[in-house]
Amino acid sequence: MATVAINSGQAQVVRRLHAFIDEAGVRSFSKASSDHFVMSAVVVADQDLVGAQQFLAQLRQDLGRRPGDPLHWVNFNKHEQRVHAAKSLGAQEWATISHVIVCKRHLNSRLAESQFYLYTFRYLLERLSWFARDTRSILSYTLAHITRPQMSTAELRQYEAALRAMQTQIAWGSLDPKGGKIDQPKRVEMLQCADLAASATYAAFNLDRFGNTEPRYLKELAPRLYRRGVGPTCLTSYGMKMHPWDANTKAAYPWVAAL
């Protein structure tokens, strides 16, 4: 178990991280569904949770919301509000962000919606466990309430058990052995940060009704993206996991590696 020494001769304490996870886009593969599906995590250390809550309180004030009002990207009606939200989150040194972006039209196979969600979650959980391992921490995680189809905590436990029985790259020793939680953004307000991160990133990939994308929001988040090591994969293997990441998607999204 990861530990951090306080002083010589004193007991060691566990350094704890919390990941808050949300999604953007549609999981189905119909012609009318989104071309991309984004799952995002905002990671906060235990000692920074108060500062993160203060950030949300200030952002509500900036955007003219009432204290305690949930912040949802879809309710930011103006471009300037979205820029401010993304830029503000991108400036928070307590935050580390990791995304998995699924380019659905480039996939060779199609999974059922529930399987597709879980497969994407597996990719994200791998990266969260690596970050915790590298920072000598134990990470717990909370997913925003999952609908269409709805997933229960019991089903999440079943999937976690299945992953443990499989050969994956998840660093289980760096994850909370109790497993993840599922909750609502209005009850766990840090899930609102995950909503901002996922939605801001989704806008950089998915075409709007005029055929345009908006990469600025994601660029404002770029300072907070999880990077590991140096070289061309320091971002695309960690904070911006693209699936698939092959010759076709590299050609379609050449700007990703330059973030």
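In the predicted model, the buried residues of helix α4 are L156, Y159, E160 and L163. Viewed down the axis of α4, these buried residues fall within an arc of 100°, so they line one face of the helix. An α-helix has 3.6 residues a turn, so residues three or four places apart point the same way. The face of α4 that is turned away from the buried side carries Q158 and A165, both of which are exposed.

Helix α4 spans residues 153-165 and has 13 residues. From its first C-alpha to its last it reaches 19 Å, close to the 18 Å expected at 1.5 Å a residue. The elements against which the buried residues of α4 pack are α3 (113-134), β6 (138-144) and β7 (181-183).

For the pair formed by α3 and α4, the helix axes come within 12 Å and cross at roughly 60°. This angle makes α3 oblique to α4. The crossing of the two helices, α3 and α4, is right-handed. On the α3 side, the contact is made by L118, Y119, F121, R122 and L125, and on the α4 side by L156, Y159 and L163. L156, Y159 and L163 are also among the buried residues of α4.

A separate site concerns T249, which is found in helix α8 (residues 247-252). T249 is buried, with a relative accessible area of 0%. When its neighbours within four places in sequence are left aside, T249 is in contact with C103, H106 and P244.

Notes: Residues numbered from 1 in each chain as written. Predicted model: local features only at pLDDT ≥ 70, side-chain atom pairs only at ≥ 80, totals over all residues. Heavy atoms only, no water. Helix = DSSP H or I, 4+ residues; strand = E, 2+ residues; numbered from the N terminus. Buried < 20%, exposed > 50% of the residue type's maximum accessible area, 1.4 Å probe, protein only. Contact = heavy atoms within 4.5 Å. Expected span 1.5 Å × (residues − 1). Arc of directions from axis to C-beta. Axes fitted to C-alpha atoms, helices over the stretch in contact; angles between N-to-C directions. Parallel < 35°, antiparallel > 145°, perpendicular 65-115°, else oblique. Left-handed = near helix turned anticlockwise from the far one by under 90°.
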